[in-house]
Amino acid sequence: MQSLRFVLSVVLLSLATGAFAQNHDMPKPAAARSEAQISFDTIKSLAGTWEGSVTLDPPQPQMSDGKPLQITMRVTSRGNALVHEMQEAATPLDPTKYDHPVTMLYLDSDRLTLVHYCDAGNRPRMVARKSPDGKTIEFDFVDISGGTQYGHMHHAVFTAIDANHHTEDWTYMMPGDKPMHAHFDLQRTK
């Protein structure tokens with residue numbers, strides 16, 4: 001009787017060990033990705049060089065309304081950030097003569113955050129919300145560092161049309177809180 005209990009114990013232990021080994025070797029299910037992570041992956045898919053037209057509303061004769069714009073986006077910091085750079089197409093990188101704003105996009109905990117390093121000398125921070133279509137990512141103003149006497153960027157929307165076409169809509173608050181809307185219709189060049 002005692003040997004039967006011993007054999008039964010060994011069999012049960014073997015079954016338990018086998019079950020544990022099978023569970024241990026099974027791949028763990030992937031953690032559910034947050035809305036912010038999904039949005040960040042969408043933004044990162046836009047890495048490359050883009051060119052297109054700019055439409056300003058209201059029109060600004062002293063600005064580049066209708067002139068081609070070049071946007072370069074690149075993933076950096078081991079995939080943890082995206083650098084977004086704007087400049088008028090076919091102009092040299094000369095910050096004394098031409099605008100060249102830089103925007104950084106990154107995940108901050110469970111929020112997709114944008115910081116725009118503006119030629120107006122300030123740094124507005126915005127946080128994303130995703131639209132139901134999954135292709136549009138809208139950034140809402142949170143706060144700002146630096147002065148606003150020359151205005152500041154207040155809102156941004158990125159819309160992925162396909163792998164080679166996307167639009168960007170930026171709202172700039174002019175002095176006196178008068179909004180100016182810029183629509184970029186961009187085609188991938190690289």
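A residue is called buried here when its relative accessible area is under 20%, exposed when over 50%, and partly exposed in between, using a 1.4 Å probe and protein chains only. By that scale Asp 41, at 34% relative accessible area, is partly exposed. The model is predicted, so local features need pLDDT of at least 70 and side-chain atom pairs count only at pLDDT 80 or more, while totals for chains, interfaces and linings use all residues. Residues are numbered from 1 along each chain as its sequence is written, and side-chain values use heavy atoms, with hydrogens and water left out.

Ten strands close into it in the order β1-β2-β3-β4-β5-β6-β7-β8-β9-β10, and their pairing is antiparallel. On average, neighbouring strands of this sheet are turned by 25° against each other, direction ignored. Helices (H or I, at least four residues) and strands (E, at least two) are DSSP runs numbered from the N terminus. Two strands are said to pair if DSSP finds at least two bridges between them. Angles run from 0 to 180 degrees between N-to-C directions, the axes being lines fitted to C-alpha atoms, for helices over the stretch in contact. Strands of a sheet pair through backbone hydrogen bonds, either parallel or antiparallel.

Strand β7, residues 136–145, and strand β8, residues 152–162, are joined by five bridges in the antiparallel sense. Within this pair, Ile 137 has Phe 158 in β8 as its bridge partner.

Helix α2, residues 35–44, lies across β2, β3, β4, β5, β6, β7 and β8, and runs at about 145° to β4. Its buried residues are Ala 36, Ser 39, Phe 40, Thr 42 and Ile 43. These residues lie on the same side of α2 because they cover an arc of only 155° around the axis, the arc being that of the directions from the helix axis to the C-beta atoms. Their cover includes β3, β4, β5, β6, β7 and β8. Contact in this account means heavy atoms within 4.5 Å.

Ser 34 is buried, at a relative accessible area of 15%. The side chains of Ser 34 and Asp 110 are joined by a polar contact of 2.6 Å. A polar contact is a pair of N or O atoms within 3.5 Å; within protein, one must be able to donate a hydrogen and the other to accept it, and residues adjacent in sequence count only if both atoms are side-chain atoms.

Arg 111 belongs to strand β5. With a relative accessible area of 36%, Arg 111 is partly exposed. Beyond its neighbours within four places in sequence, Arg 111 is in contact with Ala 36, Tyr 106, Arg 125 and Val 127. Arg 111 and Ala 128 are 17 residues apart in sequence, and their C-alpha atoms are 7.0 Å apart.

The charged pairs can be taken together. A salt bridge is a side-chain nitrogen of Lys or Arg within 4 Å of a carboxyl oxygen of Asp or Glu, and a search of the whole structure finds four. Arg 125 forms one with Asp 143, with the closest N and O atoms 2.6 Å apart. Arg 125 lies in strand β6 and Asp 143 in strand β7, so this pair ties together parts that are 18 residues apart in sequence. Both are partly exposed, Arg 125 at 22% relative accessibility and Asp 143 at 31%. Asp 41 forms a salt bridge with Arg 33, where the closest N and O atoms are 3.0 Å apart. Glu 138 and Arg 129 also form one, with their closest N and O atoms 3.0 Å apart. Arg 129, Glu 138 and Asp 140 are linked in a network of salt bridges.

Some backbone details remain. Most residues other than glycine have a negative phi, and most peptide bonds are trans. Asp 57 and Pro 58 are joined by a cis peptide bond, with omega about 0°; Pro 58 lies in the loop between β1 and β2. In the loop between β2 and β3 is Ser 77, which has a positive phi of about 55° although it is not a glycine. Arg 78 lies in the loop between β2 and β3, and its phi is a positive value near 55°. Ser 77 is partly exposed at 46% relative accessibility, whereas Arg 78 is exposed at 86%.
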